[in-house]
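Hello,

Here is the structure I promised to pass on. My notes on it follow below; please have a look whenever you have a moment.

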Amino acid sequence: MLGYFIYRKMAPFGGSSLLTVDLGQQYIDFFAYFRHSFLNDPSGILYSFGKALGGEMTGTWSYYLMSPLNLLLLFFPDKILPSGILVLTVLKYGLAGLSFGYLLLQTKSQSGYRVPLFATAYALSGWMIANQLNLMWLDAVIILPLIVLGIEKLETSGRLTTYVPWLAALLIINYYMAYMVCLFIIGYYLWASVRHFTSWRTFFKTTLKFIAGSLTSALIAAFILLPTYFSLLGSKAQYTVTKFKFKFDFFPPKMIAKFFVGSFNFDQMPKGTANLFIGSFVLIGAVLFFVSRQFNIGTKIAAGLFTLFLALSLCFQPLDLIWHAMQFPIWYPYRFSFVVCFWLVWIAALTLQPDFVPNLRQILTVVIVFAIGISYVWLNEKKFSFLSTNQLVFGLLFATLALCLIATPRSKFLLYPFVFCLLMLSELGLNAILSLNNISYVSQNEYELYRNSLSAQTAKVASKNQSFYRVATTFMRTKNDPLSNQYFGGSIFSSTLEKKTPNFFGKIGQPDGDGFVAYTNGTLVSDAILDMKYVFAGRKTSLPSAKSSYTLPQITNKPDVNQYRKINQTATTETYKNQFALPLAFLSSSNSITYKNKTLDPVHYQANWLASLTGNSNDQNIFTAQNFNHVLFQNIKQQTNLTGAILQKQSILKPASITLSFVPTTNNSYYLTLGQNIDEDNVTMTINGKTMHQYPTFRHTVITNVASNAKGKTINIKMQLKHNSLWLQNFTLYELNNNQFKQSIKKLQSHPLKVTNHSQRKIIGNVDVTSNQAKTLSTTIPYDKGWTARVDGKKVKIQKSANYMIALSLTKGNHHIVLSYWPPYFNLGLIISGLTLFVSCGLVALRKLYSRKNRKR
């Protein structure tokens, strides 16, 4: 694999990188956050304000970052982090093979040159190749053989000293993949019990040990599992599917196509069948297991039932859901199929012993099975976008040669070991090359240019302002930019994101989805309330290191920046300071706690939110709907009312557009609301001839800024239809009363919490409440049960502002406020883990002591 990466010029061996899809858009930012937390800010380990507006990080760590191998990344600075990822990827490939080889040696299932060959078949399985970008899942592939080794030792010697620590390790490293492994080992244990069966008494005794060992492993991992469970209750658990259909997701024989070389492409990532490639030798060995005389009939029947269950799991919806913890995967389907690859390689390794030579009946069985499979795929080749005729020919060739070699006695062919290695490694290598060549990657230069541009501006601001603040940007490489570039923003992409966060972002007119939010559509009101004290905007420039001008990827239009003060710029960015930004916490009206903001319109939601803070009902009308001065329809029937109208092409073959014009009568800010239907898939929008940028994925109505400080200037908004019709869902033009906004914000700014010390999990400050002021301290810290508040040293109840933020009720006087975060159930988990480890180690020590005394006797 390292040779292939060098050939592809992956960093540090060239200008490309392994960054692709989620590895480039999500995980690398978590790895950068991992480095910063260890090296710069340990307070961010438990909680981070870089996660949207702020959020717990236990779930993030337990899903993405608990692998001890990640410590290698500490030696790779951010600018060369892709090189560290390559090292980590290659290491995990190697360790996966090493652990399987260790299993083979310890169980004496194989020996000699065959050990690294079967180990390589496991490490370079189709699942590994397709999922190498999901680095956090690969530890499960490494540890699974060691857990199976523990079960084998339990069956043969009755000891749990291998099984318990490795299962505990996987539960700690990645609970998600550990869950799948736990389901697999239940079935594997039952099969192993049949294989090693001696008596019912021994079976029940071993089963009790298996159950006790499994529970012990879970208790050892309690320090991470308990707080993670609490975290999941508000995030992934919210998406659990309770209704499903008893149906097959596809025609089951389609899975056969995935056993051919190179049977993977980009389209298989979001949806497709399981990646099962293991090589012809292994596949033939797995088939021969069921007709071999090496195993008794009970072992083969149990293996057949288990194999059937695994096969059904790969296509029958209810079983697939169970493997994925009752949640349909978003991309990367059949994530558990690595256990299927392991199972097939394992039974093949048990079958293809050095002295094994199949008889004619066994050879015919393989020929018939393979002939049926290959014929089906060949006749339906057009249904498989990831296959070509050449791949089918290679598959047939490798299968034929493999069967011929297996059927040849080793003693009659001097070059048998050499040919065995050559054929097996050639097929595995060809599959890796063909599969990975189908994927595109982010260049090292692209990653580094963006990272350097953003980090330079972040560092400039941080050097001048040590207080708490947030940053909005008009550009974005990933939604996790704040985590990787060490600033507090308003975006995140994480599978462990609390559901309440996308719900809130949708209400205030920001793009949101299951697992992500993007603060790209801020108004003057939301920027102010959420403490977006700075705005980073991109600018086009020529860089010496770039072949042409480099522009940061713009995601939003923000004319409102001209309402802010420009304070500095770099070659690629400009920084604006928002003088209207509120502090992290400030005194507000008690209405902020009691007011129920139920409107579905984001503009009215923001107005009501501001009014609840100021206590001034007039602020509810701070936005007013405006009419367009002129509307021009081209190849579209004229409409009297635009909001909610359905635009229909008059002539299907001709282009159709609508141009809306208005002339601001003030220098106020103007905003346009867009329903979820008005996206880039349905319409192209321009403002005065320039592309109107909008983050493409949103499921609620969003707000976009179309004009600011543009009195007397004509604003033309052109919408070019991409289809025959367009629904102008929630399409309304609004004007903000800037003067009223400034007065309201000034009132709230006058009574801040004066922060004296802050970290990512603790805020300390003072606030003075006088008789003529409101007595509610509103914050923009998202509510979480892990937060505790102390006022003048006494613990007080935390309330909610806007049904999302932390708020405190205060009495008159000067108060010392301490807000601190600690993950729920973390202390309980530490106690349980500590006690379990202590007792377990004690029992092992006593057992050893008892064994020594018996030997002396």
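One aromatic cluster is formed by F100, Y122, F184, Y188, W191, F289, F290, F295, F306, F342, W343 and W346. Rings of Phe, Tyr and Trp (its six-membered ring) pair if their centres lie within 6.5 Å; planes under 30 degrees apart are stacked, over 60 edge-to-face and the rest tilted.

Please keep in mind that this is a predicted model: local features need pLDDT of at least 70 and side-chain atom pairs pLDDT 80 or more, while totals for chains, interfaces and linings use all residues. Residues are numbered from 1 along each chain as its sequence is written, and side-chain values use heavy atoms, without hydrogens and water.

Across the whole structure, a search finds 70 aromatic pairs. F49 and F468 are edge-to-face, because their ring centres are 4.8 Å apart and their planes at 80°. F49 sits in the loop between β1 and β2 and F468 in the loop between α19 and β3, so this pair ties together parts 419 residues apart in sequence. (Helices, H or I with at least four residues, and strands, E with at least two, are DSSP runs numbered from the N terminus.) F49 is buried at 0% relative accessible area, and F468 counts as buried at 8%; buried means under 20%, exposed over 50% and partly exposed in between, with a 1.4 Å probe and protein chains only.

The rings of F384 and F386 make a tilted pair, with centres 5.8 Å apart and planes at 50°. Both residues, F384 and F386, are buried.

Best wishes
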